[in-house]
Amino acid sequence: MIGNSRWHWATFQADAWQFCHSVPSPLKLQTLEAPLVAWAAVGPIPAGVVLDPNRRLGLGDVPLTRMPVWLGIDRALAAWGALRRAHTNGMSSSGLLVADAGTVLSLTRVTAAGDFAGGQLVPGLRLQLRAMAQGTQGLIDPGIGSVSTEPFPFATAEAMRRGSLQALLGTLLEAQREAALPLWLCGGDASVLKEALSQRGLDVVHHPNLVLEGMVDVHDRISRAPSL
């Protein structure tokens, strides 16, 4: 999966899928130990990178319904991955709210029947910090680091991190309250958000690699389908 700021890899090893994440790496594509069986992209494909278009997964491959044509494939795959696992575990009687905490924090609501039911988008932690630094004269991007437990930090860098985290937590808490659905959480910043949400009394289902898991599910479904 080619993301906006990172590339995400699923590799089948020792009878199980292994997941990892890297900076954009065209060289890695040229040195894969096993053939690339499927790919998808929401971020830019670097110039000179040639990928087989017949192996690209698109919205039409994801068995959700009522998806708008502009929906990001990452959101569709995460929603499908969560719904499939919820069905398996008897956890989806009323639908789900899926939060992917990546470059952008995306919220995707899906019904128990598998209908796309809208969502929300908000800048992720890194994007918020970068935007504050780029949009002002006096602020410097502090980078992602530990977030202070002090509600109102004195230092500017800690105040930026704390405020950005609070913005995401407020979005998640209010969205879950309005949707009244189980919250599934994935993405690079999922672990820090999960801990903070748990401290505020909200239980979440944490699957950090939902997008890749959904991608594996969709590829397996296509592979099992009879040829036309």
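Predicted model: local features only at pLDDT ≥ 70, side-chain atom pairs only at ≥ 80, totals over all residues.
**Nonpolar cores**

The largest nonpolar core is made up of 29 residues. Met1, Val62, Leu64, Met67, Leu77 and Leu96 have the most contacts inside this core. At least two of its residues come from each of α2 (73–88), β3 (96–101), β6 (183–186) and α6. The greatest contribution is that of α2, which supplies nine residues. Another core lies apart from this one and has 22 residues, including Leu125, Leu165, Ala175 and Leu193.

Leaving aside residues up to four places away in sequence, Leu96 touches Ala82, Leu83, Ala86, Met91, Thr108, Arg109, Val110, Leu181, Pro182 and Trp184.

**Helix α2**

Helix α2 has 16 residues, and 13 of them are buried, so this helix is largely enclosed by the rest of the structure. At 1.5 Å a residue, α2 should span 22 Å, and the C-alpha atoms at its ends are 22 Å apart, which agrees. Just after α2 comes Gly90, with a positive phi of about 65°.

**Salt bridges**

There are six salt bridges in the structure.

| Pair | N to O distance |
|---|---|
| Arg84 and Asp217 | 3.4 Å |
| Arg85 and Asp217 | 2.7 Å |
| Glu174 and Arg177 | 2.6 Å |

Asp217 forms a salt bridge with Arg84, their closest N and O atoms being 3.4 Å apart. This pair links distant parts of the chain, since Arg84 belongs to helix α2 and Asp217 to helix α6, 133 residues apart. Asp217 is buried, with a relative accessible area of 8%, whereas Arg84 is partly exposed at 37%.

The side chain of Asp217 also meets that of Arg85 in a salt bridge. Arg85 lies in helix α2 and Asp217 in helix α6, so this pair ties together parts that are 132 residues apart in sequence. Arg85 has a relative accessible area of 17% and is therefore buried, the cut-off for that class being under 20%.

The salt bridge between Glu174 and Arg177 has its closest N and O atoms 2.6 Å apart. Both residues lie in helix α4 (residues 156–179), three residues from each other, or about one turn of the helix. An α-helix has 3.6 residues a turn, so residues three or four places apart point the same way. Glu174 is partly exposed, with a relative accessible area of 35%. Arg177 has a relative accessibility of 54% and so counts as exposed, because exposed means over 50%.

Some salt bridges share partners, and through them Arg84, Arg85, Glu213 and Asp217 are joined into one network.

Asn209 is located in the loop between β7 (205–206) and α6 (210–224). Its relative accessible area is 18%, so Asn209 is buried. When residues up to four places away in sequence are not counted, Asn209 touches Phe19 and His21.

Terms used:
Residues numbered from 1 in each chain as written. Heavy atoms only, no water. Helix = DSSP H or I, 4+ residues; strand = E, 2+ residues; numbered from the N terminus. Buried < 20%, exposed > 50% of the residue type's maximum accessible area, 1.4 Å probe, protein only. Contact = heavy atoms within 4.5 Å. Core = buried A, V, L, I, M, F, W, Y, C linked by side-chain atoms within 4.5 Å. Expected span 1.5 Å × (residues − 1). Salt bridge = Lys/Arg side-chain N within 4 Å of Asp/Glu carboxyl O.
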